[in-house]
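Subject: Structure for your review

Dear colleague,

Please find below the structure that I am handing over to you, together with its sequence. My findings follow it, and I would ask you to read them with the structure open.

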Amino acid sequence: MDAYKCLICFSAMQGPVYQVSEMMFGSGERFAYTQCPECGTIQQLSPPTNMGSYYPAAYYSFTGLSRSTVPVRWMKKIRLVLYRASGLSLFRPVYENWLHHLAARESDQIADIGCGNGQLLYEMHASGYKHLSGFDPFLAEPLRVASGLELFKLELHQILGTFQVIMLHHAFEHMRDPDASFAKLASLLQPGGRLLIRVPVSDGEAWSIFREHWVQLDAPRHYFIPSVTGMERLARRYGLELFRTEFDSTSFQFWGSQRYRDGASLSDRNPSKIPSAEQMRDYEQRAKLLNQTQKGDQAAFYFRKPI
Ligand SMILES: [Zn+2]
């Protein structure tokens, strides 16, 4: 009955079972998910063993980095300097908020686990960060992009070394075992190191509204969706301090889930399935309000390892 124990708190799973269709590509294949009555984590009951085949080449658009020319790299560096000096949001790169809360210095050893094609690390490299490592098992091949920026074709458990800063942007839920993954992440952190996990959460209103059509279930690629309580438990178990939780859900929870409920895959280009500009503005506004009340469908969790 191991498969029917919660992957995070190990309680027996006994809630209703939801049949969730693969909808990103619209294969229609179904996968069973259920929710832990104790900690609220949602998990897949019998994930496929050939998960790699659910990641066609198109999934992470491994089309290579969009590289900047030398003048554009300088512009990015200057933009970050301007942002730090002025605080003007006009100059704010998308990643600045994360790096600010992670207290990431340019000299820190920084890892992005589940880095896709490494675009985020590339942008950080252009802004002056000097020791960047990306890891992703679905990379076409390992790549030394530049001095101080390397991409490795490795799974989490294969990573060696330690880091001052580790980030996972929507990668944690793609790993089979959250308990073992979190233990490994804690071991990869240097004392005083910081860890950011951005992940969908089961506490959101979207799960209550859309259930098996909720776009962030992303069957079968997501093995589990943690709750805030589940993340707190992992932190306690492996001696990390959860020092900040920030909900960062978007309009995607509404338009993506609505599409799935209408039976349209994400790749369906039928114009009748595309929300109007006005509808999108409404969705954005609703997402913002949900984030303020901690009911958005995804969050950023910041952890610190004690010195
Ligand atoms: Zn649980």
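I begin with the metal site: four cysteines, Cys 6, Cys 9, Cys 36 and Cys 39, coordinate the zinc ion through their SG atoms at 2.3 to 2.4 Å. Please bear in mind throughout that this is a predicted model. The angles among the 4 donor atoms run from 100 to 117°, and the site of the zinc ion is tetrahedral. For orientation, the ideal angle for four tetrahedral donors is 109.5 degrees. Along the sequence, the donor residues follow the spacing C-x2-C-x26-C-x2-C. Cys 6 belongs to the segment before strand S1 (17-21), whereas Cys 39 sits in the loop between strand S2 (30-35) and strand S3 (42-44), so this pair ties together parts that are 33 residues apart in sequence.

Next come two pairs of packed helices. Such a pair is described by the angle between the two axes and the distance between them.

In the pair formed by helix H4 (residues 178-188) and helix H6 (residues 228-237), the axes are 10 Å apart and the packing angle is about 50°. That angle makes H4 oblique to H6. The crossing of these two helices, H4 and H6, is right-handed. H4 contributes Pro 178, Asp 179 and Phe 182 to the contact, and H6 contributes Leu 234, Ala 235 and Arg 237. Sorted by class, the residues of this contact between H4 and H6 comprise 4 nonpolar, no polar and 2 charged.

In the other pair, helix H7 (residues 252-261) and helix H8 (residues 277-292) cross at roughly 120°, and their axes come within 8 Å. H7 and H8 are therefore oblique to each other. On the H7 side, Gln 253, Phe 254, Trp 255 and Gln 258 meet Met 280, Tyr 283, Arg 286, Ala 287 and Leu 290 of H8. The contact of H7 with H8 has 6 nonpolar, 2 polar and 1 charged residues.

Finally, two details of the backbone deserve attention. As background, most residues other than glycine have a negative phi, and most peptide bonds are trans. Ala 103 is not a glycine, yet its phi is positive, at about 50°. Ala 103 is found in the loop between helix H2 (96-101) and strand S4 (109-113). Ala 219 and Pro 220 are joined by a cis peptide bond with an omega of about -5°. Pro 220 is placed in the loop between helix H5 (205-210) and strand S10 (224-225).

Yours sincerely

Conventions
Residues are numbered from 1 along each chain as its sequence is written. This is a predicted model: local features need pLDDT of at least 70, side-chain atom pairs count only at pLDDT 80 or more; totals for chains, interfaces and linings use all residues. Side-chain values use heavy atoms; hydrogens and water are left out. Axes are lines fitted to C-alpha atoms, for helices over the stretch in contact, and angles run from 0 to 180 degrees between N-to-C directions. Helices (H or I, at least four residues) and strands (E, at least two) are DSSP runs, numbered from the N terminus. Angles under 35 degrees count as roughly parallel, over 145 as roughly antiparallel, 65 to 115 as roughly perpendicular and the rest as oblique. A crossing is left-handed if the near helix is turned anticlockwise from the far one by less than a right angle, and right-handed if clockwise. Contact means heavy atoms within 4.5 Å. Ala, Val, Leu, Ile, Met, Phe, Trp, Tyr, Cys and Pro count as nonpolar, Asp, Glu, Lys and Arg as charged, and the others, Gly among them, as polar. Donors are N, O and S atoms within 2.8 Å of the metal (3.2 Å for Na, K and Ca); water is not among the atoms, so sites may look incomplete. Four donors count as tetrahedral if all angles lie between 85 and 135 degrees; four count as square planar and six as octahedral if opposite donors are over 155 degrees apart and all others between 65 and 115; anything else is irregular.
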